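Hi everyone, thanks for coming. I'd like to walk you through some salt bridges and interfaces today, so let me put the structure up.

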Amino acid sequence: MPQASTPLIIALSKGRILSETLPLLEHAGLMPKEDLHTTRKLMIDAAGGVRFLLIRAADVCTYVEHGAADMGIVGRDLLLESRPNVYEPLDLGIGRCRLCIAGPAELVARGKPEAGSRIRVATKYDNLTEQYYMAQGVHADIIHLYGSMELAPLVGMADRIVDLVETGSTLAANNLVEEDTLYDISSRLVVNPASFATRKSLIAPVIDAFSKAIRNEDS
Amino acid sequence: MDRPIIGLDDAFGVRAKSLRGLQGRLLALFDEAGFDEVIPPILERPDTLKSGAGRFLADQTVVFSDPAGAGLLAIRSDMTPQIARIAATRLQSKDILKLCYSGTVMLARPVSRRGSRQQWQTGVEYLGVSGAEGDTEVMRLAATCMLAAGFEQPVLQVGHIGLLKALVEESSVSLETWRELIARRSPDDLSATITSVNISETNRQVLLDMASGLGDLAWIEAQQGRINDTFDAAAQELVSLVKQVGSQLEGEVQVHADAAVMPRFLYHSGIVFAGFAAGVPQALLHGGRYDTMMAAHGRDMPATGFSCDLWAWLDVVQS
């Protein structure tokens, strides 16, 4: 558990978002001492008494909620889906995409499922999917998958998918079309509430630095 | 038969002993401060548990039919409604009540996945005294409890629900929506909501500052005279309380004013606070003033208090 003398710990996710995160870290004066893309280490120190954890995107909220990291960078999709008890002080504007409903072209052409109907939906966003269809009066049987949602309608396992769409090329390649957008997504800086209360003098400058870094990127 | 029930654990050995030790220390502190213990039964009529403060936990309260014929009974999910019932009935002859309690409450579902459905809720209620006098005592006691349990660098974060109420009283969005937005401290989501709501430019900026975590003591003082009288009254109450309690606890517990401290449930009417400590990932205690709630239990009187979960304390103190 972090004490006052321990470094400020920031959880980052590997993969797509990392490339967009690095310029922000540079602008914020928090450059890691090793190349985050190539290192096999999971814990990397940086300038300014900061330590990064490199973990899976889906685990960032867990680390921050449990106080193993004071802060983290995580997609809004995961915040909306799991509603973790964290502060969300800053939208970093990186990792932009949309959380969409898509389906086979011929099904979508027939229009949205009617109220009262029952459909099968493949997704890893069980809660958001359920909420969406409940509001439409449609009973959605959620089929939880961990990846490659696009396959589910192709093999007849699902009528729709709910997934992140960046360019839409994967959908198009699999003859799927978008039906609706649930949310615009980007990555956010999140903070553990207890860390915010007990380590505010360390955390506030980092939030500030990120906020300036975003403005730099924009200009 | 021997399978454990989800979210319910047996405690024995060192854990049982530690719990009793901690409970004894806190009850001794309450006693020293003049709070008398109340031990209500674990079952109540659902009406009691679901009115006033209890209605926010209504869907977390297990209700069953009494085989002995008393109708529906509920397992308590919170002790405050029981204390309120006792204050409104058996103890109605006393104008001022200083009561404390320590007992098991049960939730229908764990708050976090795989979490516990049981809490050993321990706390105090100070009834019949309005304003700073009661709040100071309750906040000081909350801070002392964190010290007695051995937490390092404890912090009391103090806010006032009156600030938010004053800022959004004319907006069409519900207070609960605002509470949730401020509690999550997401200025980005807040600005998205604000653009579709009829609210003045000044109030808009003040809300964004709050969500951005800028609402400390100096900031609160600087906002006085900008919003309205309700805001100023709440701000003054908060500022003077934080200064007073802060100086009493100087060197032991840090007392921070933060305009964005929100109650978990909207029954608070004034000061709200939460306790934190170094290395503990969640709030250790919650408290505040709830003057308007007692009327729902049949006795309109000012009230303030705090509570904590001894099991949660034990888990973080031991590690």
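Let me begin with a definition: helices (H or I, at least four residues) and strands (E, at least two) are DSSP runs, numbered from the N terminus. Two housekeeping sentences come next. This is a predicted model, in which local features need pLDDT of at least 70 and side-chain atom pairs count only at pLDDT 80 or more, while totals for chains, interfaces and linings use all residues. Residues are numbered from 1 along each chain as its sequence is written, chains are lettered from A and ligands numbered from 1 in the order in which they are written, and side-chain values use heavy atoms, with hydrogens and water left out.

Salt bridges, then. I call something a salt bridge when a side-chain nitrogen of Lys or Arg is within 4 Å of a carboxyl oxygen of Asp or Glu. Over all chains, that rule gives 26 salt bridges.

Please find helix α9 of chain A, residues 200–218. There, A:Asp208 and A:Lys212 form a salt bridge, at 3.4 Å from N to O. These two are 4 residues apart in the helix, so about one helical turn separates A:Asp208 from A:Lys212.

Next, look at A:Arg160 and A:Glu179, whose closest N and O atoms are 2.9 Å apart in a salt bridge. A:Arg160 belongs to strand β9 (residues 160–165) of chain A and A:Glu179 to strand β10 (residues 176–185) of chain A, so this pair ties together parts that are 19 residues apart in sequence. A:Arg160 is buried, with a relative accessible area of 3%, and A:Glu179 is buried as well, at 18%.

One further pair in chain A is A:Asp45 with A:Arg51, a salt bridge with its closest N and O atoms 2.8 Å apart. A:Asp45 is partly exposed at 35% relative accessibility, and A:Arg51 is partly exposed at 24%.

Now let's move to where the chains meet. Contact here means heavy atoms within 4.5 Å. With that cut-off, 22 residues of chain B touch 23 residues of chain A. For buried area, I mean the accessible area (1.4 Å probe) that two parts lose on being put together, summed over both. Chains B and A bury about 1700 Å² between them, and 47% of that is on carbon and sulfur atoms. Which three residues supply more than any other three of the area that chain B buries against chain A? They are B:Arg184, B:Arg185 and B:Pro281, with 29%.

B:Arg184 comes up again in a salt bridge with A:Glu88, at 3.0 Å from N to O. On the chain B side, β7 (155–160), α6 (175–184) and α7 (187–194) each supply at least two of the residues that touch chain A. There is also a network of salt bridges linking A:Arg83, A:Glu88, A:Asp91, A:Arg188, B:Glu180, B:Arg184 and B:Asp189.

Finally, let's stay inside chain B. An automatic or database domain assignment sets the domain bounds, and chain B is divided into domain 1 (1–128) and domain 2 (131–290). Taken over C-alpha atoms, the centres of these two domains of chain B are 26 Å apart. Their contact takes 16 residues from domain 1 of chain B and 13 residues from domain 2 of chain B. Together, the two domains of chain B bury about 1300 Å², with 75% of it on carbon and sulfur atoms. On the domain 1 side, B:Leu29, B:Phe56 and B:Tyr126 supply 42% of the area buried against domain 2 of chain B, more than any other three residues.

How many salt bridges does the rule find across this domain interface of chain B? It finds 1. B:Glu137 and B:Lys98 also meet in a salt bridge, at 3.0 Å from N to O. As for elements, α1 (13–32) and β6 (118–127) of chain B each give at least two residues to the side of domain 1 that touches domain 2. Of the elements on that side, α1(B) gives the most, with 5 residues.

That's my tour, and I'm happy to go back to any of it. Thanks!

Conventions. Buried < 20%, exposed > 50% of the residue type's maximum accessible area, 1.4 Å probe, protein only.
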